[in-house]
Amino acid sequence: MAKHGKKYLAAAKLIDVHKRYSVDEAVGLVRQTAQVNQKKFDETVDVAIRLGVDPKHADQMVRGAVVLPHGIGKTVRVAVFAKGDKAKIAKDAGADIVGAEDLAEKVNAGQIEFDRVIATPDMMALVGRLGKVLGPRGLMPNPKLGTVTQDVTAAVKAAKAGSIEFRAEKSGIVHAGVGKASFSEDAIAANVKALVTAINRAKPAGAKGTFIKKVSISSTMGPGVKLDPATALNT
């Protein structure tokens, strides 16, 4: 079992492991423990959500995207596969890299200088051949996530504004970063609610019983704080 340092243990003493906190209470504790634990860098606030699904079954897969109202606290580099007018539109929308065969060559060469990939539908025959490179990195464009689209302006702006993708892992858990510990408590809480609400709305037809079972948040180096899922839903 991994041993925790003094700062982590001091932070952990502030948290009641048997309590499910409201979102506001949990966010306050996460920011407090992040400050106690580490002042040298701006820690990411992570959310872990255990769902009542078995992703091995197609009708229980949970996947989607959501624009966090306060972004994720870092600059998102966007690459767009497009040609002609769509390429120009992508550049005008703020895409960092735009191309077609030339961009594919860079990707095959391992030049992954972006965080999000968007493609127009006519480019998917080309992009599909990059699956072995983009897939393991979670960068493969997908129409269900809005990253294969004719509306490249909206897609680029959403990515730049803080759109994140979520997907249930084999164990039925979704992990996602929702900002930085330096964000205000209100901003973090709003981002947490946006994520949990989006996941709740993505409940698959095959899910039975309680869908959102457990939710916890933590800073990069801090202890987890359990929260009451009901308080994390936008009404």
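A volume is the space filled by probe spheres set on the points, which are joined across faces, edges and corners.

I'm working with a predicted model, where local features need pLDDT of at least 70, side-chain atom pairs count only at pLDDT 80 or more, and totals for chains, interfaces and linings use all residues. Residues are numbered from 1 along each chain as its sequence is written, and side-chain values use heavy atoms, with hydrogens and water left out.

**Second largest pocket.** I found about 200 Å³ of space here. Its lining includes Arg 20, Ile 173 and Lys 214. Strands S1 (44–51), S8 (212–219) and S9 (225–227) each give at least two lining residues; strands are DSSP runs (E, at least two residues), numbered from the N terminus, and helices are runs of H or I, at least four.

**Largest pocket.** I got a volume of about 670 Å³. It has 24 lining residues, and closest to the centre are Arg 116, Arg 137, Gly 138, Ile 164 and Glu 165. Strand S7 brings the largest share of the lining, six residues. S6 (163–167) and S7 (173–180) each supply at least two.

**Helix pair.** I checked H3 (84–93) against H7 (152–161): their axes, which come within 9 Å, cross at roughly 30°. So H3 is roughly parallel to H7 (the term covers angles under 35 degrees). I also noted the contact (heavy atoms within 4.5 Å): Lys 86, Ile 89, Ala 90 and Ala 93 of H3 meet Val 152, Thr 153, Val 156 and Lys 157 of H7.

Terms used
Axes are lines fitted to C-alpha atoms, for helices over the stretch in contact, and angles run from 0 to 180 degrees between N-to-C directions. Angles under 35 degrees count as roughly parallel, over 145 as roughly antiparallel, 65 to 115 as roughly perpendicular and the rest as oblique. On a 1 Å grid over the protein atoms alone, a cavity is a set of points where a 1.4 Å probe fits but cannot get out, and a pocket is an open set with protein on both sides within 12 Å along at least five of seven lines; lining residues have an atom within 4 Å of a point.
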